[in-house]
Structure formats: C-alpha cells, structure tokens
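Dear colleague,

Please find the structure below for your records. A summary of the findings follows it.

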Amino acid sequence: MRQSEWAVEASGLVKLFGDNRAVDGVDLKVHAGTIYGVLGPNGAGKTTTIRMLATLLRPDGGSARIFGHDVTKESQVVRQLIGVTGQYASVDESLSATENLVIFSRLLGLGRAEAKRKAAELLEEFGLAEAAKRPLKNFSGGMRRRLDLAASLIAQPPLIFLDEPTTGLDPRTRNQMWDTIRRLVKTGSTVLLTTQYLDEADQLADKIAVIDRGRVVAEGTADELKASVGTSSLHLRPQNARDIERARQLVERVLQVPSSITAEATKITAPMDDADRVTDLLIALREAGIHLTEMSVQKPTLDEVFLTITGHGVPEDEAAGTNGSAKKKEAVG
Ligand SMILES: Nc1ncnc2c1ncn2[C@@H]1O[C@H](COP(=O)(O)OP(=O)(O)OP(=O)(O)O)[C@@H](O)[C@H]1O
Ligand SMILES: [Mg+2]
C-alpha cells in the first residue's frame, strides 16, 4: 500500500442535488496524524463533503484521495482505511451496550475473547462502563452518541470521519468526547470532523476549513482564523440609523480595523484587540454627536467569523438553535 503524508487530498469536489450545488468546488488537504475541522453553518455542505470522501456518495466533479487512494476508482481500499460515525445502527435495542459492541466486533472478525476485551475497553474509555449491562433502549441521546463513536472505533481505522460528534451533548460529555478524539490522534489516527462550533474547532483542530454554501471560504489554524475576527468583537447600535455610516467611519478610523454593518443596517460590528481604544472611540462618537442605544463586547461567534470572512452572516433561520446564536448572550456592555 502506498504511503502518503496526506490522509485526505480533495480537489474541486462538486455535488449537485438537482440544481442545488450542495458542494461547489471544495479543496481540502489533511495531513496524516492531525485533527482537521470543517466548520460551517447548517446546509453548508459539510455532511455531503464527508460522504463523498467516505465513498458513500459519488462526486459529480473533482476528485479525492484517501492516503493516496482515489475514492471512486479505489473505493474498496479506501473503505478499509476509514471509519465513519453516524452509520452505526444498533443491532438490537433490547441488548446491552456490551452485547452490541461484542456483536459488532465479531462481525468485524475479532475472536470471542478479543471482542469482549475490546468492548469492555471501549465502554470504559467512553464512560459507559456503568451502563454496560443496560439495554440500549434505556440509553440517553448522549450515551447513544458515545456508543456510536465507540462502535466505529472497534477497528481503529487510520482515518476517522466524525460528523458533528458533539452536537447536542452536555458540556461534560462533550469534554470527554474531545479527550477521546485527542487520544485517537495520539495513537496514530487522523481525524476529520465537522462542527458548527468555533470553540470546538479551536480546542481540537490543528487546521480548520470554514465552509459556506458549498465552498471553502477560509482555511488556517484557529489562531489565524481568530486573528481575522479579533479576540473579541465590538457591537454598536446608533440611536439614529441615519448615523450608521458616519459611526462606521469613526470605528474604522479610531480602532484601525475593518468593520461591518449587519444585514438590517442597524448595528456595526468590528474586531476588537485593544480594549483601551474603545474609550477613544466612545469619546469620538460623542464629539460627533452620535448617540448609541447599545454597545457590547462579545466573544467572536461563528456568525462573526462568517460575517468577517464572507461579508454575510449566518441567516437567522439557519443560526436558530445553534451555538453561534446562543453564545451571543455573553455581552458585557
Ligand atoms: N440527499 C440529499 N438530497 C437533496 N439535497 C440534499 C441532500 N443532502 C443534502 N442536501 C442539500 O445539500 C446542502 C448541503 O447539505 P449538508 O447536509 O451537506 O449540509 P451540512 O453542512 O452538513 O449541514 P448541517 O450542519 O445541517 O448538518 C443543503 O442545501 C441540503 O439541503
Ligand atoms: Mg451535516
């Protein structure tokens, strides 16, 4: 088998659903032995991209290689190199977690003792040891998610695709999942995960691709991406909407950063690295006779990364219920 330093090399991947270009020319390069995060809002094309890389969906354009093997021409080889979560359907709801994992292990060709050992080891690792004997039908959503990941790791593959591994998990379980993912990489696997959470990509990923409307709109380390939005962001709402352009000019002049005006043209957002300068800005605004109804300093959210990188925000209906909008409550002003 040809070795390759690249676990994933995708170039110009395209997937059409009718006339919807769900994936519209995606390039990705994932170094073997790293965690790569694909960050994007609902409908950005994350799952569709993963499904093409995992040979579950045929690309309509472009090509992709997994450890040097073409996903369409060598799909059999590729399948032996990857694991995908989300595919795992429990064998039997009335069987226990242990029994389910043992059956999966046996199906993958492990001997009986080996299968038992592996099941116990994985349940321990995923904090499910206590629940091991309980039937699956009594498992919570989070427990199922962990069992799902455990099942996909029975034969720890060189490349693991995790599609939103922590969406909907409570913070503690989320942290456990992060630890597990880190451990997988320490023990030699490569992980490609998708997420809607900037902080998750930040915590885990060596490199991040921001994807929007089927395209990669930015790529870099978490630090590089954050630098583009600032460590925190300033939100200003002038009392009189007619002042917005003037206010924006002052923001850019005093803070020396690019700013943006929200879609409804009532609010200015700008990256803020130097909190001291905000005082200068407030003085400048007052001297210009511009009154504010709102001023807050917030952590950059996915919305802001998008606003900054793409020039448009995450549409409200798509952002609803995601971390991106939930985190907006951290205002301090
Ligand atoms: N099987 C399908 N048939 C038709 N359209 C699809 C299909 N799968 C996805 N799409 C469309 O393709 C686009 C991308 O969807 P995809 O599931 O890849 O997004 P995503 O980034 O994974 O979103 P989410 O964060 O909600 O999981 C969306 O417009 C979606 O409606
Ligand atoms: Mg998805």
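This is a predicted model: local features need pLDDT of at least 70, side-chain atom pairs count only at pLDDT 80 or more; totals for chains, interfaces and linings use all residues.

The largest nonpolar core has 47 residues, of which Val 8, Leu 53, Ile 66, Phe 161, Val 191, Leu 192 and Val 210 touch the most other members. Strand 2 supplies the largest share of this core, five residues. Apart from this core lies another, of 16 residues, including Phe 126, Leu 147, Leu 149 and Leu 153. In general, nonpolar side chains tend to be buried together in soluble globular proteins.

To take one member of the largest core, Val 191: leaving aside neighbours within four places in sequence, Val 191 is in contact with Ile 35, Ile 160, Leu 162, Ile 181, Leu 184 and Val 185.

Turning to the sheet, four strands form an open, antiparallel arrangement in the order 2-1-4-5. Strand 2 and strand 5 (69–70) each have a single partner strand, so one side of each is left without a neighbour in the sheet. Strand 1 (residues 6–17) runs antiparallel to strand 2 and is joined to it by nine bridges; Leu 16 has Arg 21 in strand 2 as its bridge partner. Helix 1 packs on the sheet, where it touches strand 1, strand 2 and strand 4 (61–66), and its direction makes about 120° with that of strand 1.

Helix 1 (46–53) and strand 2 (20–31) each supply at least two residues of the shell around ligand 1, with the largest share, three residues, coming from helix 1. Among the surrounding residues are Phe 17, Asn 20, Lys 46, Thr 47, Thr 48 and Gln 196. By class, the shell has eight polar, three nonpolar and one charged residues.

With kind regards

Note on methods: Residues are numbered from 1 along each chain as its sequence is written. Chains are lettered from A and ligands numbered from 1 in the order in which they are written. A residue is near a molecule or strand if its C-beta atom, placed from the backbone, lies within 6 Å of it. Ala, Val, Leu, Ile, Met, Phe, Trp, Tyr, Cys and Pro count as nonpolar, Asp, Glu, Lys and Arg as charged, and the others, Gly among them, as polar. A nonpolar core is a set of buried Ala, Val, Leu, Ile, Met, Phe, Trp, Tyr and Cys residues joined through C-beta atoms within 7 Å. A residue is buried if 20 or more other C-beta atoms lie within 10 Å of its own, exposed if 12 or fewer, and partly exposed in between; C-beta atoms are placed from the backbone. Two residues are in contact if their C-beta atoms, placed from the backbone, lie within 7 Å. Two strands pair if DSSP finds at least two bridges between them. Axes are lines fitted to C-alpha atoms, for helices over the stretch in contact, and angles run from 0 to 180 degrees between N-to-C directions.
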